[in-house]
Amino acid sequence: MSTQCSLAAQIENRLLARNGIYESFFAREAPRLAEASREMSERFLRGGRLLAFGRGPYATDAQHVSVEFVHPVIVGKRALPALDLSILFRPWLESIATADDIVMGFGPPEGDSEVCAALDSARARQAMTFALPGAAGSYALGSHTSDPFAHQELIEILYHTLWETVHVFFEYRELGHDVGATGFLYPFLGQEKQDTAGVLGHVANSIQMKVADDAKLRAQVSAKESEKISNAVYAISERVRAGGKLIIFGNGGSATDANDWAIDCIAPPAGYHPLPAVSLSLEPANISAIANDVGADLIFLRQFIAQARSADIAIGISTSGGSRNIIAALEEARKRNMLTVALLGYDGGEILRRGLADFPIVVHSDYIPRIQEVQASVYHVIRESLEGLLHDSS
């Protein structure tokens with residue numbers, strides 16, 4: 001019991017330590033990000049696209065930023081053109097990139113030479129470039145932390161704030177005073193048309209407010225959920241020792257988190273040992289075939305029936321807690337007496353109410369970007385903790 005209490009305290013400290021890293025970064029970078037968002041909005045209005053790419057776990061950031069812009073979570077907001085080019089990014093960029101495009105390259109804290117070379121090529125075409133990280137670009141991110149998990153979480157907060165802010169500038173320039181459903185994000189815009197240059201300072205302040213909200217949520221999770229996270233880590237480690245694997249699944253941005261978590265297991269950062277894991281969200285042919293033939297509610301269940309074994313761990317990620325395809329897979333996991341874990345938002349939704357997860361970890365928020373940012377911290381801390389348990393006992 002004392003060992004579990006010790007792990008819970010470590011988890012609480014790891015979650016809280018992230019807040020200082022992120023708040024100091026965005027306190028410094030918010031004005032630059034506000035200006036970058038304004039330029040992005042201008043490029044979208046000229047017909048530009050967001051072209052994103054990365055390698056390994058950082059390819060999932062390209063997936064995530066692409067789905068955020070194409071399928072915005074605020075009801076009624078238009079899709080903005082974005083593509084994930086990770087599978088073959090250099091040839092794709094050289095084939096389709098134009099001067100109006102926005103090109104975003106993701107990599108580890110130390111950078112990625114292939115990603116940087118592709119960004120250089122895009123910059124030569126006059127495209128706007130984001131080096132995340134890198135030394136050169138329209139927005140170049142220096143190394144703010146050497147921890148690969150904290151680095152990736154910081155980047156997720158960064159592109160979420162870009163998405164939120166671009167929509168404000170985009171609509172404000174195009175529609176004048178009518179900011180539509182994004183008005184609640186930036187109430188200072190009011191009802192009178194303003195020069196966007198005067199809005200930059202307010203937007204920068206609002207970015208810092210979002211990061212502060214994120215920090216409060218992470219602190220709440222550290223205080224209320226650390227013991228449950230610790231217990232989940234112990235239960236997962238026992239299943240892995242018995243030959244089980246992690247089976248992870250989610251929709252949209254949560255799909256990219258499932259993919260990232262699985263990659264963090266099988267191709268971990270330096271100093272970590274591989275763990276068996278698969279992501280059912282990383283199977284586009286299966287997903288589209290099942291959705292087309294029998295319906296989207298079964299996209300994970302059908303795969304689950306084929307892939308799952310009783311020793312495995314089913315991990316569903318759902319910001320709403322009510323995704324029917326997540327529920328269907330967790331129900332099947334229950335029938336097979338598998339260990340079930342769920343990362344949830346809002347009030348935990350139907351998954352919590354029906355008791356479909358042995359370990360439901362809830363981020364109590366109703367705003368999806370903030371939920372996802374804290375969920376990323378949670379699954380990274382689980383991965384860190386599993387390393388300590390499984391490696392120390394080997």
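This is a predicted model: local features need pLDDT of at least 70, side-chain atom pairs count only at pLDDT 80 or more; totals for chains, interfaces and linings use all residues.
**Stop 1**

The side chains of arginine 55 and glutamate 114 form a salt bridge, with N and O 3.2 Å apart. Follow the chain on both sides of the pair. Arginine 55 sits in the loop between strand E1 (50-53) and H2, while glutamate 114 belongs to helix H4 (residues 113-124), so the bridge ties together parts 59 residues apart in sequence.

**Stop 2: along helix H4**

Stay in H4 and select arginine 123 and aspartate 120. Their side chains meet in a salt bridge, 2.7 Å from N to O. How far apart are arginine 123 and aspartate 120 in helix H4? They are three residues apart, so about one helical turn separates them. Arginine 123 is partly exposed, at 28% relative accessibility. Aspartate 120 is partly exposed as well, at 39%.

**Stop 3: past the end of H4**

Move on to glutamine 126. This residue lies in the loop between H4 and E4. Look at its backbone. Most residues other than glycine have a negative phi, and most peptide bonds are trans. Glutamine 126 is not a glycine, yet its phi is positive, at about 75 degrees. Is glutamine 126 buried or exposed? At 55% relative accessibility, glutamine 126 counts as exposed.

Go on to leucine 132 and proline 133. The peptide bond joining them is cis, with omega at about 10 degrees. Proline 133 is in the loop between strand E4 (128-132) and strand E5 (139-140).

**Stop 4: H2 against H7**

Select residues 59-70 for helix H2 and residues 253-266 for helix H7. Two packed helices are described by the angle and the distance between their axes. Here the axes come within 9 Å and cross at roughly 175 degrees. That angle makes H2 roughly antiparallel to H7.

Show the side chains where the helices touch. From H2, pick Thr60, Gln63, His64 and Val67. From H7, pick Gly253, Thr256, Asp257, Asn259, Asp260 and Ile263. What kinds of residue make up the contact of H2 with H7? Two are nonpolar, six are polar and two are charged.

**Stop 5: a stacked pair**

The structure has nine aromatic pairs. For one of them, select tryptophan 261 and tyrosine 379. Their ring centres are 5.3 Å apart and their planes lie at 10 degrees, so this pair is stacked. Tryptophan 261 is in helix H7 and tyrosine 379 is in helix H12 (residues 368-392), so the pair ties together parts 118 residues apart in sequence. Both tryptophan 261 and tyrosine 379 are buried.

**Stop 6: three phenylalanines**

Select Phe249, Phe300 and Phe304. These three form one aromatic cluster. Centre the view on phenylalanine 300, in the loop between helix H8 (284-293) and helix H9 (301-307). Phenylalanine 300 has a relative accessible area of 1%, so it is buried.

Check the C-alpha atoms next.

**Stop 7**

Side chains of opposite charge can pair when their charged atoms come close. The structure holds 24 salt bridges. Select glutamate 332 and arginine 336 for another one. Their closest N and O atoms are 2.8 Å apart. Glutamate 332 is buried, with a relative accessible area of 15%. Arginine 336 is partly exposed, with 24%.

Then select Arg18, Glu153 and Glu384. Salt bridges with shared partners join these three into one network.

**Last stop: Tyr346**

Finish at tyrosine 346. You will find this residue in the loop between strand E9 (339-344) and helix H11 (349-353). Tyrosine 346 has a positive phi, near 55 degrees, and is a residue other than glycine. Its relative accessibility is 35%, so tyrosine 346 counts as partly exposed.

Technical notes. Residues are numbered from 1 along each chain as its sequence is written. Side-chain values use heavy atoms; hydrogens and water are left out. Axes are lines fitted to C-alpha atoms, for helices over the stretch in contact, and angles run from 0 to 180 degrees between N-to-C directions. Helices (H or I, at least four residues) and strands (E, at least two) are DSSP runs, numbered from the N terminus. Angles under 35 degrees count as roughly parallel, over 145 as roughly antiparallel, 65 to 115 as roughly perpendicular and the rest as oblique. Contact means heavy atoms within 4.5 Å. Ala, Val, Leu, Ile, Met, Phe, Trp, Tyr, Cys and Pro count as nonpolar, Asp, Glu, Lys and Arg as charged, and the others, Gly among them, as polar. A salt bridge is a side-chain nitrogen of Lys or Arg within 4 Å of a carboxyl oxygen of Asp or Glu. Buried means under 20% relative accessible area, exposed over 50%, partly exposed in between (1.4 Å probe, protein chains only). Rings of Phe, Tyr and Trp (its six-membered ring) pair if their centres lie within 6.5 Å; planes under 30 degrees apart count as stacked, over 60 as edge-to-face and the rest as tilted.
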